[in-house]
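Hi everyone, thanks for coming along. I'd like to walk you through a structure this morning, so please have a look at the screen.

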Amino acid sequence: MQPLSLLLLAAIGILLTLRVNAGSDAVQCYSQVNSVSGECERYLGEGVSDEDCCLNINYGYKKDGNSACQACREAEWSQWSEWSPCTVSCLEGIQSRTRVCIGKGDCPGHKEEVQICSLQDCCPAMGGWSPWSPWSQCSVTCALGVMKRTRECNNPAPECGGLCVGNSEETTVCDTNQVCPTHGVWGNWGPWGDCSSTCTAEDSKVLPTQSRHRLCNSPSPSVSPPGRSCEGNEKETRDCGGIPFCPVDGGWGPWVKASECSVTCGLGNNREERSCNNPAPRHGGNRCPGSTTRDVICNTKQPCPIDGRWGPWTDWKRCADIDTTVNINCETKVGRQSRNHTCIEPQHNGADCKGSYRESRRCYDVEGCYMSENIKANWTEWSHWGLCSAPCGASKTKRYRECLVNYPGYKTEISGIARKLDVYFSGTPKFRCSKLNGQSMKVEEERDCKNVPACT
């Protein structure tokens, strides 16, 4: 084939690639999605399609810098946030927590929960001040001084963290009508002045100098009555040590590839490096601005493995004896029941599901059984107060008692070959408790949640 024909085929291939890539909008790709906030993290790069970014289902992408993060995986709830601060500082209030739906699709359930809270059982009560004490003696024997008086917060004493408003101490100026002599005191040294030069030749032996000054004004000596002047010098001079040679700023060399793509599937990064040697900084010159390394996005065009995962368990089968001709319904004879689940197949060489597709257990068949000496029913104690129904405005909380069945005539544990085995109850017996508030299965109480903020 002639060279001209080869060039023409290569050009046609490039045009076809550009047309294929043009069919999908470019996105910004990230290698991690925060499991609490749902925000995209660990930016990989842009200019790739959302299909290529989602070759790894743990990745996420944005249409642009102002768009929300879109996770590649199926929708699921994030972890709950921390509980918010209580709405009041004393007595009873409420607090709430939230979670975020991350991924493609909708998440079942609520994104917010509210509960009752109390930081302390009483609210602060303010105290009152005692009468002021007499004024103290003047603090000096000449010129102006101060004297003070005090009072105590005990009339009455505050309660539950309260306090008294105002100061426990009060001062006022007192005049002795006597003049004091003032002796001179040096003020602080001023800053060292600039050196006579900022840099010097490498072979210079003459050092530049710098000086600083101070004044006798902290305070100045008085004239009448006369005060003493300051002793010592008002100026200091010294050599400037460590004067640098005149600086040469550094310059960057070219970028050099330092690593292969960081992943074998989906998108990753190549690492590139450069050196500050063109020229290298000398004599205190500035180092090159910026980083010595950078990451460049790379695309393997290979989807990442997705491991197989178990689907939901089926309902337990009817409890029965191994000998299917034997009826164990409402009897204290132990039977067996089983359930299974299906493996959702792995993709792209992902790992198979681990564990068994089937499980079984020992059981008693109590479906439709009537109350007897082996089967009883009793009311439970009151439950704890539940979550508040709303985070603001009118909000309610509930608690309940239930009529639950128990089985005093059955053994809940039997001996196996190597260990004790649990026995479960299969089915729903026909049971009912004596009526409580007109109900025989469940009773509820409801009350308002206190100190709930108004809705805005």
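Let's begin with the largest nonpolar core, which has ten residues: V27, C29, L44, V48, C53, C54, Y59, Y61, C72 and L267. By nonpolar core I mean a set of buried Ala, Val, Leu, Ile, Met, Phe, Trp, Tyr and Cys residues joined through side-chain atoms within 4.5 Å. Buried here is under 20% relative accessible area, exposed is over 50%, and partly exposed lies in between, with a 1.4 Å probe and protein chains only. Two elements, β1 (26-33) and β2 (40-49), each give two or more residues to this core.

Before I go on, this is a predicted model: local features need pLDDT of at least 70, side-chain atom pairs count only at pLDDT 80 or more, and totals for chains, interfaces and linings use all residues. Residues are numbered from 1 along each chain as its sequence is written, and side-chain values use heavy atoms, with hydrogens and water left out.

Now, what does Y61 touch? Leaving aside residues up to four places away in sequence, its contacts (heavy atoms within 4.5 Å) include V27, C29, C53, C54 and C72, and also Q28, D50 and Q70. There is a second, separate core of seven residues, with Y364, C369, Y407 and V423 among them.

Stepping back to the whole chain, we have two helices and 24 strands. Those are DSSP runs numbered from the N terminus: H or I of at least four residues for helices, E of at least two for strands. Why call the chain more spread out than a compact globule? Because its radius of gyration is 42 Å, well over the 23 Å that the globule rule gives for 456 residues. That radius is taken over C-alpha atoms, and the rule is 2.2 Å times the number of residues to the power 0.38. The C-alpha atoms fill a box of roughly 125 × 105 × 50 Å along the principal axes, and 25% of the 456 residues count as buried.

Finally, some backbone details. Most residues other than glycine have a negative phi, and most peptide bonds are trans. The bond from N155 to P156 is cis, with omega near 0°, and P156 sits in the loop between β9 (144-150) and β10 (169-175). Another cis bond runs from S218 to P219, with omega near 5°.

As for positive phi, H348 is near 55° and N349 is near 65°. H348 is partly exposed, at 38% relative accessibility, while N349 is exposed, at 80%.
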